Amino acid sequence: MRYDAVNAMLLNEFLKEHKKVQQLETTLARQEKNFESRLAQQEKQIESLTAGLQKVSAQIETSKTAT
């Protein structure tokens, strides 16, 4: 066994794994940003739908009291 090459091999493997971790962190950050963007968009849609539902409910109540 070439003990003098072990350190270089270990360093090489460490650097490979470190690069993978960095790539995964970048991917995760991108996905989190995308998730937050979609969440904000869905919250706006929910607010819009809730406002529309309240209008319809108010119209129904008005028509019930008019009859």
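Where do K20 and E17 lie, and how many residues apart are they? Both lie in helix α1, three residues apart, which is about one turn of the helix.

View 1. Welcome to a predicted model, in which local features need pLDDT of at least 70, side-chain atom pairs count only at pLDDT 80 or more, and totals for chains, interfaces and linings use all residues. Residues are numbered from 1 along each chain as its sequence is written, and side-chain values use heavy atoms, with hydrogens and water left out. Helix α1 covers residues 3-66; helices (H or I, at least four residues) and strands (E, at least two) are DSSP runs, numbered from the N terminus. The C-alpha trace spans about 95 × 15 × 5 Å along its principal axes. The protein has a radius of gyration of 29 Å, whereas a compact globule of 67 residues would have one near 11 Å. That radius is taken over C-alpha atoms, and the globule rule is 2.2 Å times the number of residues to the power 0.38.

**View 2. The surface of the protein exposes about 6600 Å².** Carbon and sulfur atoms supply 59% of this area, as computed by the Shrake-Rupley method with a 1.4 Å probe; for residues, only the protein chains shown count as cover. Of the 67 residues, 1% count as buried. Here buried means under 20% relative accessible area, exposed over 50%, and partly exposed in between (1.4 Å probe, protein chains only).

**View 3. K20 and E17 form a salt bridge.** Their closest N and O atoms are 3.4 Å apart, and a salt bridge is a side-chain nitrogen of Lys or Arg within 4 Å of a carboxyl oxygen of Asp or Glu. Side chains of opposite charge can pair when their charged atoms come close. K20 is partly exposed at 45% relative accessibility, and E17 is partly exposed too, at 42%.

**View 4. E13 and K16 form another salt bridge.** The closest N and O atoms of this pair are 3.3 Å apart. E13 and K16 sit in helix α1, three residues apart, or about one turn of the helix. E13 is partly exposed, with a relative accessible area of 40%, and K16 is partly exposed at 42%. By the salt-bridge rule, the count comes to two.

**View 5. L11, F14 and L15 make a nonpolar surface patch.** The patch has an area of about 310 Å². Patches are made of residues with over 30% relative accessible area and no salt bridge: like charges are joined within 9 Å, nonpolar side chains (Val, Leu, Ile, Met, Phe, Trp, Tyr) within 5 Å. L11 has its place in helix α1.

**View 6. A5, L39 and L49 are three stops along helix α1.** A5 is buried, with a relative accessible area of 16%. From A5 to Q31, 26 residues along the chain, the C-alpha atoms are separated by 39 Å. L39 counts as partly exposed at 36% relative accessibility; L39 and T67 are 28 residues apart in sequence and 42 Å apart in space, C-alpha to C-alpha. L49 is exposed, with a relative accessible area of 62%, and its C-alpha atom is separated by 33 Å from that of T27, 22 residues apart along the chain.
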